Amino acid sequence: MSQTSPGAAVVAPRVAWLRDESGAKRRVRAEGLVIGRAAGADLVVSDERSSKRQALVRPGAGGLELHHLGRNDTTVNGVAIEGAVALATGDLIEVPGGSFLVQLQAPAQRNRAEWLVQLGQHLHRVPRRFRIGGGAQDDLCLEGLPDEFVTLHSAPDGLLLDGGGTGVSIDGVEAEPESITILSAGSLLRLGDHDLQVRLEGEAHGHTTQLGDLPTLKSARLAFLPNGADLTLVVGRERLTCRLSELRARLVGILLKPPTPLCAGEFVPDEIVLPGVWPRQPDRSHYDVNTLVHRLRKDLLRAGASPTRFVERARGGGGTRFCVDPRSVVTVE
């Protein structure tokens, strides 16, 4: 226990708990936690010597604080307090009718790289989804650009650019229309008359996560519905689900359960995909498959999955695969 003082250079804990005599733990949230006899207290004690509001525990500027509010004593480590004191791990709070051990969890260390884009002298951190354009609904509004011109997605295996065509170039090369492109640290992204530099914070030398370092795809389940399907992916401890339209559902069904001798995870030629997705439209071509793959990747992006990791188009087209391995459990129903 230490008395609070103005300007104390103590970082507030990310998580604080009060552990009672039985071993149960109560979390202390930002609004604080009231201990007392009143029915409206957060921690209710039954001893008549306790005031209706005996004590308040809350995060403060310098760390976790205990405020004495009652008539009778509130003690910390056996010492009666007045006003407010700072708390540390292992401190024992005692009020009439109860005792609580303070347990503080230190802030988690940031070990994950974060993506940023630099525009002029300013850096803009890229959250999971970051829209750039000229509209009021865009996250970064730049003069001369159409609404929702491009969207950046921060994914486990890189920063993804959704959008391309006239006015969009990466390192001097025009991005393909209706494309999803992986950006690297140091890439120069030009949008109309604006230049943005891609930056990576938190990993040395701009190194990005490799695919082998990412959580394993444990299972992929495609459940067909009357007008589409639900695709569920279990990646590490995370479950991702997205609703697919009928054509995209057919595509994923063929990729996850291709005709023999092909297996899930292998490239399925367009000659198999085309009649499977469009059985009565022989005029369809690999351009239609490209468009369908792009739309499928957008579905995966919205579900929180990295589309470049799961859906791969062969170089030059001609084949597509859903990236599963022999350890993945694949179900099509």
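Figure 1. Ile170 of the predicted model stands opposite Leu189 in β22. Strand β19 and strand β22 (residues 188–191) run antiparallel and are joined by three bridges. Two strands are taken as paired if DSSP finds at least two bridges between them. Strands (E, at least two residues) and helices (H or I, at least four) are DSSP runs numbered from the N terminus. The open sheet has six strands in the order β14-β13-β23-β22-β19-β20, with antiparallel pairing. Strands β14 (122–125) and β20 are its edge strands, each pairing on one side only. The model is a predicted one, in which local features need pLDDT of at least 70 and side-chain atom pairs count only at pLDDT 80 or more, whereas totals for chains, interfaces and linings use all residues. Residues are numbered from 1 along each chain as its sequence is written, and side-chain values use heavy atoms, with hydrogens and water left out.

**Figure 2. The loop between β19 and β20.** Asp171 is placed in the loop between β19 (168–170) and β20 (173–174). Its phi is near 50°, a positive value in a residue other than glycine. Asp171 counts as partly exposed, at 49% relative accessibility. Buried means under 20% relative accessible area, exposed means over 50%, and partly exposed lies in between (1.4 Å probe, protein chains only).

**Figure 3. A five-stranded sheet with mixed pairing.** The strand order in this open sheet is β16-β15-β17-β18-β21, and the pairing is mixed. Because β16 (140–141) and β21 (180–183) stand at the edges with a single partner strand each, one side of each is left without a neighbour in the sheet. Strand β15 (residues 129–133) pairs with β16 in the parallel sense over two bridges. Ile132 stands opposite Leu140 in β16. Glu148 is found in the loop between β16 and β17 (150–155). The phi of Glu148 is near 45°, a positive value in a residue other than glycine, and Glu148 is partly exposed at 44% relative accessibility.

**Figure 4. The hairpin of β25 and β26.** Strands β25 (residues 228–235) and β26 (residues 238–244) pair in the antiparallel sense over seven bridges. Leu233 stands opposite Leu240 in β26. The hairpin has two residues between the strands, and Gly236 takes a positive phi near 60°. In a regular strand the side chains alternate between the two faces of the sheet.

**Figure 5. Arg297 in helix α3.** Arg297 is found in helix α3 (residues 286–303). The residue is buried yet has no salt bridge, and the nearest side chain of opposite charge, Glu312, is 7.5 Å away. A salt bridge is a side-chain nitrogen of Lys or Arg within 4 Å of a carboxyl oxygen of Asp or Glu. For charge, Lys and Arg count as positive and Asp and Glu as negative, while His and the chain ends are not counted. The side chain of Arg297 reaches the backbone oxygen of Val311 at 2.8 Å. Leaving aside neighbours within four places in sequence, Arg297 is in contact (heavy atoms within 4.5 Å) with Ile180, Pro307, Val311, Glu312 and Arg313.

**Figure 6. A cis peptide bond and two cysteines.** Thr260 and Pro261 are joined by a cis peptide bond, with omega about 10°. Pro261 lies in the loop between α1 (246–256) and β27 (268–269). Cys242 is buried, with a relative accessible area of 7%, whereas Cys263 is partly exposed at 43%. The count of disulfides (pairs of cysteine sulfur atoms within 2.5 Å) comes to zero.

Technical notes
Polar contact = N/O pair within 3.5 Å; in protein donor to acceptor, adjacent residues only side chain to side chain.
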